[in-house]
Amino acid sequence: MGCGTSSATEDKKSEKALKAALVIQNWYRGYRARLKTRQRYALTIFQSIEYADEQGQLQLSKFFSFMLENYTRVQEKEPGLVTRLFGSSIQDKDRQDYLGLLEVPDSYCGPRLQFPLTFTDIDLLIEAFKQQQILHAYYVLEVLFETKRVLQQMPNFTHTRTSPSKEITICGDLHGKLDDLFLIFYKNGLPSASNPYVFNGDFVDRGKNSMEILMILFVSFLVYPNDLHLNRGNHEDFMMNMRYGFTKEILHKYKLHGKKILQILEEVYTWLPIGTIIDNEVLVIHGGISESTDLNLLHRLERNKMRSVLMPPIPMDGDCAEKKNKLGTTSLLGIRTSGSFSEQLTKQEWEQVVDILWSDPRGKRGCYPNTNRGGGCYFGPDVTAKILNKYHLKMLVRSHECKPDGYEICHDGKVITIFSASNYYEEGSNRGAYIRMSYGTTPRFFQYQITRATCFRPLYQRVNAIESSAIRMLKERMISRKTDLTRAFQLQDRNKSGKLSMGQWAFSMENVLGLNLPWRSLSSHLVTTDKDGNIDYMSGFQDVHIQKPVKEVQSTLIETVYRYRSDLQIIFNIIDSDHSGLISMEEFRCMWKLFKSHYSVHIDDSQFDELAERMDLNKDGSIDFNEFLKAFYVVHKFDKLNKSDNKLA
């Protein structure tokens with residue numbers, strides 16, 4: 001009796017313990033799922049804002065076309081400015097012109113490369129960069145000239161073969177994240193004849209070590225030109241570099257010789273192959289395809305004529321063409337951009353290259369404009385099947401998009417996206433990955449994530465940090481459109497109550513910002529809601545504002561300059577060909593008028609003139625435009641409080 005009772009009691013206890021364990025397990029799974037959903041929303045914010053910025057960057061191409069179309073009118077009013085924009089004092093120079101007067105002093109403690117380069121130089125460079133040493137400008141220029149020489153001998157698409165005993169590794173975007181490249185080489189081995197690689201574009205920009213990555217890849221390529229393949233990405237573009245950081249990195253690290261490096265680097269970009277074909281079956285390109293992708297045309301076009309996606313072919317005829325050709329080369333940021341206006345791709349060729357550098361796959365059938373990025377297209381599974389079948393290919397490997405797990409497979413396994421920059425948006429935001437594949441085998445994926453202090457923090461703290469950063473960026477986007485948003489809210493608020501329904505608020509946010517975000521889910525982070533579910537729409541601006549460099553200037557102008565500050569900085573850099581950081585008041589006003597006209601900015605010129613005059617601090621008729629743009633920044637009122645909260649957490 002006693003034993004039986006004891007056994008029944010134990011069974012009940014075990015049953016209760018099992019139920020409790022299941023309850024806890026279900027709760028924890030739900031908890032993790034909610035955290036992952038928050039993380040996914042944060043990544044959606046990062047990506048939407050990134051693509052909106054790229055859309056703005058591509059808008060600049062239309063602006064430059066607009067400038068050329070208005071060439072005659074501008075030339076009559078500002079002949080000096082036109083000469084500076086479309087003329088050039090830079091003549092063709094050979095290797096000796098760049099390197100002749102450059103010497104490496106005995107006091108230089110960084111790596112010393114020996115030409116012709118060998119495997120030892122790869123090792124030497126990697127170890128030096130791990131010690132945060134800077135490669136001397138002399139060696140940088142030598143590597144760039146030699147890389148250009150070898151690239152000029154290569155076709156538009158490099159063809160390579162594998163075997164079961166010789167796999168090839170494909171890496172996606174690195175974006176200046178040197179630690180990711182070090183980790184790939186640590187896990188997968190250095191490039192060699194028996195360990196070939198494809199690096200699928202976007203080596204540079206955003207991260208702080210783009211130059212180091214570029215030097216490691218170029219030196220490895222020069223040692224193993226048949227086993228290390230470099231594809232051009234949309235960021236191997238000097239105009240993209242102006243916005244996304246690489247130009248600034250070069251001029252900071254190479255203050256004396258940065259301009260020379262930029263000049264030859266632009267040439268190197270144009271000679272990078274635009275794709276790799278593995279075993280005549282796998283097409284590796286940076287972005288994607290469209291329904292009109294013509295691989296035969298892409299194989300034979302002169303890729304070096306694609307200077308920048310922001311410089312589309314300018315249709316010319318008659319006197320207009322003659323006038324422009326007389327100007328010779330174009331000087332942008334002191335960089336020679338083309339030998340003459342006749343040396344350009346046709347419109348069809350240019351569009352073909354833009355498609356393979358900028359396009360993204362989607363689940364929806366067909367091919368339609370890539371509205372998020374503003375360039376390339378979205379292509380569906382039917383387009384993938386059509387193009388692969390047409391050219392007897394089996395798979396498309398591309399990069400170009402950050403994925404939470406570092407890779408993604410879509411279109412019935414025919415399209416693989418590979419992204420190798422971990423923590424791309426924020427520490428802990430995503431993994432990086434690379435692929436290993438060989439003929440007749442299934443691709444294998446290897447994931448990783450560079451971790452520092454965050455690896456010791458629990459998941460909810462990591463998600464909180466990612467989410468806070470994303471919301472911060474979104475609020476900066478909102479404040480840059482405060483006037484437009486307020487107007488949209490007030491149009492919906494017919495009772496002038498200061499409140500809107502959730503649906504009205506979400507509609508207005510999307511209509512003005514165009515970010516395609518889940519506004520209802522994000523509302524609790526952006527605005528306050530009353531007990532009836534109505535939103536106080538002005539509460540979204542209470543904890544953030546744009547600092548006014550001059551108090552008397554109207555908020556509309558401040559918002560406009562802040563919103564377009566990256567575009568304006570590129571345009572001002574183009575005018576400032578001598579890198580002095582200064583432009584005259586007349587040039588400043590002329591460019592603003594062109595910009596205002598093209599972007600349909602409705603602001604009275606007198607406001608901008610007053611602001612410009614006030615920013616001319618020493619009254620010498622010139623403006624330090626970098627300081628001018630830095631004067632416009634967003635202040636988050638609760639930054640100090642948030643920092644304290646993070647420390648307590």
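Phe445 is partly exposed, at 23% relative accessibility (buried is under 20% relative accessible area, exposed over 50%, partly exposed in between, with a 1.4 Å probe and protein chains only). The model is predicted, so local features need pLDDT of at least 70 and side-chain atom pairs pLDDT 80 or more, while totals for chains, interfaces and linings use all residues. Residues are numbered from 1 along each chain as its sequence is written, and side-chain values use heavy atoms, without hydrogens and water.

**Overall make-up**
- The protein has 649 residues, and 54% of them count as buried.
- Its secondary structure comes to 25 helices and 23 strands (DSSP runs numbered from the N terminus: H or I of at least four residues for helices, E of at least two for strands).
- Among contacts with a separation of 6 or more, 74% link residues 24 or more positions apart (contact means heavy atoms within 4.5 Å).

**Aromatic pairs**
- The count is 17 aromatic pairs (ring centres of Phe, Tyr and Trp, the last by its six-membered ring, within 6.5 Å; planes under 30 degrees apart are stacked, over 60 edge-to-face, the rest tilted).
- Tyr407 and Phe445 make a stacked pair, 4.1 Å centre to centre with 10° between the planes.
- Tyr407 sits in strand β13 (residues 407-410) and Phe445 in strand β16 (residues 444-448), so this pair ties together parts 38 residues apart in sequence.
- Tyr407 is also partly exposed, with a relative accessible area of 25%.
- One aromatic cluster is formed by Phe46, Phe419, Tyr424 and Tyr425.

**Helix α5 against α8**
- Helix α5 and helix α8 (residues 210-223) pack at about 170°, with axes 9 Å apart (axes are lines fitted to C-alpha atoms, for helices over the stretch in contact; angles run from 0 to 180 degrees between N-to-C directions).
- That angle makes α5 roughly antiparallel to α8 (under 35 degrees is roughly parallel, over 145 roughly antiparallel, 65 to 115 roughly perpendicular, the rest oblique).
- On the α5 side, the contact includes Phe119, Asp121 and Ile122; on the α8 side, it includes Glu212, Met215 and Ser220.
- By class, this contact has nine nonpolar, one polar and two charged residues (Ala, Val, Leu, Ile, Met, Phe, Trp, Tyr, Cys and Pro are nonpolar; Asp, Glu, Lys and Arg charged; the others, Gly among them, polar).

**Helix α5 against α7**
- The axes of α5 (residues 119-130) and α7 (residues 178-188) come within 12 Å and cross at roughly 135°.
- That makes α5 oblique to α7.
- Ile126, Phe129 and Lys130 of α5 meet Leu178, Phe182 and Phe185 of α7.
- The residues of this contact divide into five nonpolar, no polar and one charged.
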